[in-house]
Amino acid sequence: MSPAVHGSSSDSTPRPSLLDRHYHLLRRLHSLTGIVPIGIFLIAHLVTNSSILWGAIAIREPAPIPGWSNAGVAYFWHEVKWINEQIPHLLLLEAALWGSILFHSAFGVYYAMSGRSNTDRYRYQSNWRYKLQRISGYIGILFIFYHIATLRWGWTFLVPGGTRWSYQFSASTLAASLRGGMTEVTTAGLAVSTLYFVGVGLLVFHFANGLWTAAITWGLTVSAHAQRRWGYACTALGAALLIMGWGSVIGYAILDPTKVQALEHQLIDPIDRHQTLADPATFLGPREMDLTGEHPLAEPGYPWPGTENTTHKEAQEGPLQR
Amino acid sequence: MPSPSSSTSIRSIRLRILRCDGPGKPSRWETFSVFPEPGANVISCLQQIAASPITSEGRPTTPVVWDSGCLEEVCGACTMLINGKVRQSCSCLIDDYAPNNGDTITLEPMSKFPVVRDLWVDRSRMFDALKRIKAWAPIDGAYSLGSGPREKPDRQATRYILSTCMTCGCCLEACPQYNLEPDSHEWGTSFIGAHAISQARLFNMHETGAELKPQRLEALEDKGGINDCGNAQNCVKVCPKNIPLTESIAAIGRHTTIHAIASWFSKT
């Protein structure tokens, strides 16, 4: 090969960028992260949240909790407490999840920019799903950011009513965040609830449809029949997740935060007191508890939102007797 | 020859055509009145216009230019947008599209390829894509290779439908991931399209063509290859030959998955 030819060919074809040299790997990682860990987490998250609906069936409380939604709150409270106190390396798991969502979002937006929707001319159902997959991704990113920023990072200035979510008062502070305060539903609260309703719906679609396309991407479903069968399976999973997601949003938004918080006070206290008395040395209660057996919430006027005038005794007995 | 129905044979229909005098020139709409014979197709109406290029307003204009070859829907040259949807104009019958007197049919050139003139587009990028994935069986050499391996009937049955691709461009016109790219330097990294992916599968399944399978898969793993498919699946719905393009896409997806993992562990 002559030097002139060699020179011209190397000039006309510059070395591809790092991203382009690992294009296949990055595209497949984009597909994979949507399922593991993000999709798996979505399933776990919606199953946990929807326990407000079905927790009454599954609850393993020694003392029965009267009332369907009270039992749901109690079950959810136990699950969230377990997640926050028992899962090892929680922050590491969260960081891996955030990293995956960031990667999936950034590359997803970059890849989506290469397409131009044409549903106006080709009105096929699969073409609409192509379009909705991208729209749900864009809105989903914003929704997830709001969701994590407000309920996990404590950006209370973005929450109407300024409620700070707490894992020890998981249901009541969630209800207050969705309603816009501890009392009645405000207009801003209704907007937040609507955002959650739409956001959850779009993300469930994004996951179910993404699971369907991932099977084509990786070459699992090759024949058109296999793609249709897998489509039914993804639709069923999506429908189940949609019921759980929307049921959760409605389920928490219609709770009375004040009553629920009274129940949560009661859930925090008797169990810990029992364990403390039994063996104070091995006590593994919430970090805020002191080991003397005297609970700080027992003091009247303990400053939890909405319970300023609730004594410990009222909190313990109130919602169940009323 | 007796007319089967006087009401349909003497009817007048209108062709509304998006015209363009050449590459980079502005487009404009012109409408023509034509008198289709029974069984007429879009091409025969365009021939009427070429014989007498006068718009329906009575203004003389240049003849409308289009590309065509076989006139029996096997060459793909006369593909255009008819009433906004892509198809071959030779097989587009006026009796189906404009059954009544005064009906209008809209004709536009394909939007994903550079317009040469009027309804004639330059589909070079499609053929460039076939070179990219080496859509041939490598039999050239300095000595006789002898007879090739026998083709098995079941593979032949799968390959036959794939071999009917006429590189017409319908799948690309309907694809939201395939967009107009006049700069040929960009063709190597922009989406290759369903037709080329399906042709890669066709030649990978050929006993002799399979020798180039790793190179085809590597070309399709690069930017603009198989991963740029967005799974809108419009391609398979508009394909005039009913080629299972989405099955080819999934099959190549499977082969690139296996090839990429195998390469990662074995390539030096």
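**Sheet and interface of chain B**

In the predicted model, strand 1 (residues 13–20) and strand 5 (residues 104–108) of chain B run parallel and are joined by four bridges. Strands (E, at least two residues) and helices (H or I, at least four residues) are DSSP runs numbered from the N terminus. Within this pair of strands, I17(B) stands opposite L107(B) of strand 5 of chain B.

Both strands belong to an open sheet of five strands in chain B, with the order 2-1-5-3-4 and mixed pairing; two strands pair if DSSP finds at least two bridges between them. Strand 2 (27–34) and strand 4 (85–88) of chain B are the edge strands, each pairing on one side only. From one strand to the next, the twist averages 30°. Helix 2 (residues 42–51) of chain B lies across strands 1, 2, 3 (79–82) and 5 of chain B and runs at about 95° to strand 2 of chain B. Axes are lines fitted to C-alpha atoms, for helices over the stretch in contact, and angles run from 0 to 180 degrees between N-to-C directions.

Between the chains, 29 residues of chain B are in contact with 24 residues of chain A, contact being C-beta atoms, placed from the backbone, within 7 Å. Helix 9 (234–238) and helix 10 (245–266) of chain B are the elements that give two or more residues to the side of chain B that touches chain A. Helix 10 of chain B gives the most, with 11 residues.

Residues are numbered from 1 along each chain as its sequence is written, and chains are lettered from A in the order in which they are written. Local features need pLDDT of at least 70 and side-chain atom pairs count only at pLDDT 80 or more, whereas totals for chains, interfaces and linings use all residues.

Notes: Contact = placed C-beta atoms within 7 Å.
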